[in-house]
Amino acid sequence: MNRTIGYFFRQQDLAGDEHIVLFHNGSVLLREDKIFWPVSMLQHLNLRSHHSLLVGRFQNRNCMAFALLDDHVASLNAVKKTPRQLLLERGLDDFGLIGQSNQLLNWLQSHRFCGHCGNKTVPHDSERTLVCPACRLHFYPRINPCVIVLVCREDKLLLARHNKASSPYFSCLAGFMEAGETPEETVAREVREEVGIEVENIRYIKSQSWPFPSQLMLGFFADYKSGEIEVDGKEIAEAHWYERDSLPLSPAAGISVAGQLIELFLQ
Ligand SMILES: [Zn+2]
């Protein structure tokens, strides 16, 4: 049960009691409504090392993630759902595992070659790392930090609708950190760029892994300092100050750090 298996393994190394999560083109394959597949149902697939890895321990068993090819999927009676769909339907149950698997498979498949010299990478012997045999560069799973901020002005909060035609939600402002920035500097810059106001008293509240495909969301509160709302028109379609009893449609606290920040403010 507790025998050792590497991060990168061959199909024949599996003991048979592993939890297996299957992906195809970024979607999760479900067995009816179950996320785990038994090894016995996959023995005919002949999976390749660049498409599978050990994610970690879950419910006392090793959990493996496999990215399947088109031919594999045809032989399984599976239902496909994106990680985002699963998050909306099931909340955060199992989402840590699904998200981590999705993130790691993405990394595995997008680092098959060295970005420096172009040679094929190989798995490290003992770490979850891909190595270039020619120049010895190591490629670790990449995490992209982002800030997300709820701006408060006395008893009002600033919520914005992002410029994706499909999104009806009003949410916090967010953006990727740039090289050389502290998270607090990113908060001030993003708010200035997206809605044209200055903030102060920027304070960290909480974080969330957001594996679409590899963000780490760092959640902040900030207080209004000066300026009038003027949206950039590119990322943000509209933004307004809202009283606590007249909030627009906004994200749920059970799903995202944005929803949790709004809930914390209301409390
Ligand atoms: Zn190289």
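## Helix α4

Helix α4 covers residues 183-195, where helices are DSSP runs of H or I with at least four residues, strands are runs of E with at least two, and both are numbered from the N terminus. At 1.5 Å a residue, its 13 residues should span 18 Å, and the end C-alpha atoms lie 18 Å apart, which agrees. The expected span is 1.5 Å times one less than the number of residues.

This is a predicted model, in which local features need pLDDT of at least 70 and side-chain atom pairs count only at pLDDT 80 or more, while totals for chains, interfaces and linings use all residues. Residues are numbered from 1 along each chain as its sequence is written.

## The buried side of α4

T186, V187, E190, V191, E194 and V195 are buried in α4. A residue counts as buried if 20 or more other C-beta atoms lie within 10 Å of its own, as exposed if 12 or fewer do, and as partly exposed in between, with C-beta atoms placed from the backbone.

Contact here requires C-beta atoms, placed from the backbone, within 7 Å. Just after α4, G196 takes a positive phi of about 75 degrees.

## Helices α2 and α3

The axes of α2 (residues 83-90) and α3 (residues 95-110) come within 10 Å and cross at roughly 175 degrees. Axes are lines fitted to C-alpha atoms, for helices over the stretch in contact, and angles run from 0 to 180 degrees between N-to-C directions. The two helices are therefore roughly antiparallel, a term for angles over 145 degrees.

P83, L86 and L87 of α2 meet F95, I98, G99 and N102 of α3. By class, this contact has five nonpolar, two polar and no charged residues. Ala, Val, Leu, Ile, Met, Phe, Trp, Tyr, Cys and Pro count as nonpolar, Asp, Glu, Lys and Arg as charged, and the others, Gly among them, as polar.

## Residue A78

A78 is found in the loop between α1 (70-74) and β5 (79-81). With 19 other C-beta atoms within 10 Å, A78 is partly exposed. Leaving aside residues up to four places away in sequence, A78 touches L29, L30, R31 and V73.

## The whole chain

The chain has five helices and 15 strands. Of its 267 residues, 28% count as buried.

Definitions and conventions
Parallel < 35°, antiparallel > 145°, perpendicular 65-115°, else oblique. Contact = placed C-beta atoms within 7 Å.
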